[in-house]
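Here is a short report for a reader meeting this structure for the first time. Look at the sequence and the model, then read on.

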Amino acid sequence: MIVLAIESSCDETAVAVVEDGFRVLSSVISSQIDIHKLYGGVVPEIASRNHVERIDAVFKEALSKAGIKKSQIDAVAVTYGAGLLGALIVGVNFAKGLAMALNKPLIPVNHIHAHIAANYISTKLVPPFLCLVVSGGHTALMEVKDYTKPKAIVSTTDDAIGECFDKVARVCGLDYPGGPNVSKLAKLGNPNIKFVLKPHKSKSFSYSGLKTAVINYVHKLQQKNEKVVVEDICASFQKEAIEQIVSISISECKQRNIKKLAIAGGVSANELLRTELQKQCILNNIEFFAPNLSYCTDNAAMVGALAYFLFKNQQTSNFERNQSKIAPVSTIAL
Ligand code: KG4
Ligand code: ZN
């Protein structure tokens with residue numbers, strides 16, 4: 001089954017062709033990072049306009065790289081949420097037009113669930129398992145008993161970890177997106193600064209305290225005209241941010257007697273996070289799964305991967321009769 005998948009929830013315009021849920025025939029991503037970098041983060045209206053300008057060319061490139069014609073597409077899948085409203089609408093409307101023109105089923109895909117599915121492309125992961133979804137907008141430990149119904153069992157009470165990486169980067173004068181830059185500089189630093197005095201013991205994730213502590217620390221040094229050692233700040237912040245998620249994830253696996261732990265989302269590209277989770281999984285006799293780096297940040301291949309299982313479960317959308325079915329959440333207004 002050949003799925004044409006579309007992702008436009010944030011600042012990447014992406015189209016992929018995926019066969020049978022795991023064979024990626026093409027995955028094209030047109031990133032807007034260079035534009036949003038100028039503003040220190042994603043500007044929603046600029047993101048929407050750029051999706052409109054790029055989506056048709058990205059679609060054509062995806063077909064050509066996959067070596068298929070439009071007539072060979074069996075279904076069209078699209079991210080309908082979560083994400084930026086205006087950005088999502090571009091992908092959803094493109095998908096609807098295409099599905100209608102080809103007279104093929106339309107499969108609405110949840111962005112967070114799609115991140116989890118990046119593992120089905122890169123690894124031999126099958127449910128049941130726990131998956132830590134860590135991205136710019138989300139931090140949640142999900143229980144996946146079957147492909148189509150992941151359930152959050154631990155969430156963040158405030159910020160997402162990726163947002164925290166981005167804000168720490170900004171206060172340190174590093175470019176957006178902050179995650180890769182923070183992790184690069186952390187390698188050169190000493191994790192000798194303690195930002196949060198009390199260890200994190202609760203059963204939920206929390207990042208606003210750590211984020212504020214880093215920002216206040218930098219501002220105080222700047223006020224006193226003291227030297228800001230960005231490498232040490234990055235190393236110390238990263239260590240604390242990661243300790244929290246690793247310890248909660250492993251303890252949930254143990255409590256629930258689940259022997260498989262996966263990660264997904266942009267922050268799952270973080271080298272220290274991957275190494276620490278792998279280490280703890282080995283110590284606790286848990287199998288560890290992580291997507292290839294190219295499928296960690298936003299892409300459409302993961303959308304196509306999940307769409308295959310949704311289709312098999314008859315979770316398609318009859319957009320001609322009821323548009324609300326493709327937009328069941330308030331993230332998108334059609
Ligand atoms: O999944 P994603 O592309 O978009 C969302 O769905 O949010 O994730 C983007 C986030 C950004 O916050 C970015 O800074 C972070 O992932 N990120 C990283 C790394 N690569 C990307 N964070 C830490 N370390 C990385 N290597
Ligand atoms: Zn994402």
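## Two domains

The C-alpha centres of domain 1 and domain 2 lie 27 Å apart. This is a predicted model. Domain 1 is built from two stretches, 2–117 and 296–332. Domain 2 covers 129–290.

## Where the domains meet

How many residues does the contact take from domain 1 and from domain 2? It takes 20 residues from domain 1 and 20 residues from domain 2.

The size of an interface is often given as the accessible area lost when the parts come together. Here the two domains bury about 1600 Å² between them. Carbon and sulfur atoms account for 73% of that area. On the side of domain 1, Ile112, Ile116 and Cys296 lose the most area to domain 2. Together these three make up 34% of what that side buries.

## Polar links and contributing helices

What of charged and polar pairs across the interface? The count of salt bridges between domain 1 and domain 2 is zero. Polar contacts do occur: four residue pairs are found across the interface, with both residues at pLDDT 80 or more.

Which elements give two or more residues to the side of domain 1 that touches domain 2? They are α1 (33–36), α4 and α10. Of these, α4 gives the most, with four residues.

## The zinc site

Ligand 2 is a zinc ion, coordinated by His111, His115 and Asp298. Each histidine donates through NE2, and Asp298 through OD. The distances run from 2.0 to 2.1 Å.

In sequence, the donor residues follow the spacing H-x3-H-x182-D. His115 and Asp298 link distant parts of the chain, 183 residues apart. His115 belongs to helix α4 (residues 111–122). Asp298 sits in the loop between β10 (287–289) and α10 (301–312). Are these two residues buried or exposed? His115 is buried, and Asp298 is buried as well.

## Around Asn284

Now to a residue in another loop. Asn284 lies between α9 (271–283) and β10. Its side chain makes a polar contact of 3.3 Å with the side chain of Lys254.

Which residues does Asn284 touch, leaving aside those up to four places away in sequence? Asn284 touches Ile250, Lys254 and Lys259.

Methods:
Residues numbered from 1 in each chain as written. Chains lettered and ligands numbered in written order. Predicted model: local features only at pLDDT ≥ 70, side-chain atom pairs only at ≥ 80, totals over all residues. Heavy atoms only, no water. Donors = N, O, S within 2.8 Å, 3.2 Å for Na, K, Ca; no water. Buried < 20%, exposed > 50% of the residue type's maximum accessible area, 1.4 Å probe, protein only. Domains from an automatic or database assignment. Contact = heavy atoms within 4.5 Å. Buried area = accessible area lost by both parts, 1.4 Å probe. Salt bridge = Lys/Arg side-chain N within 4 Å of Asp/Glu carboxyl O. Polar contact = N/O pair within 3.5 Å; in protein donor to acceptor, adjacent residues only side chain to side chain.
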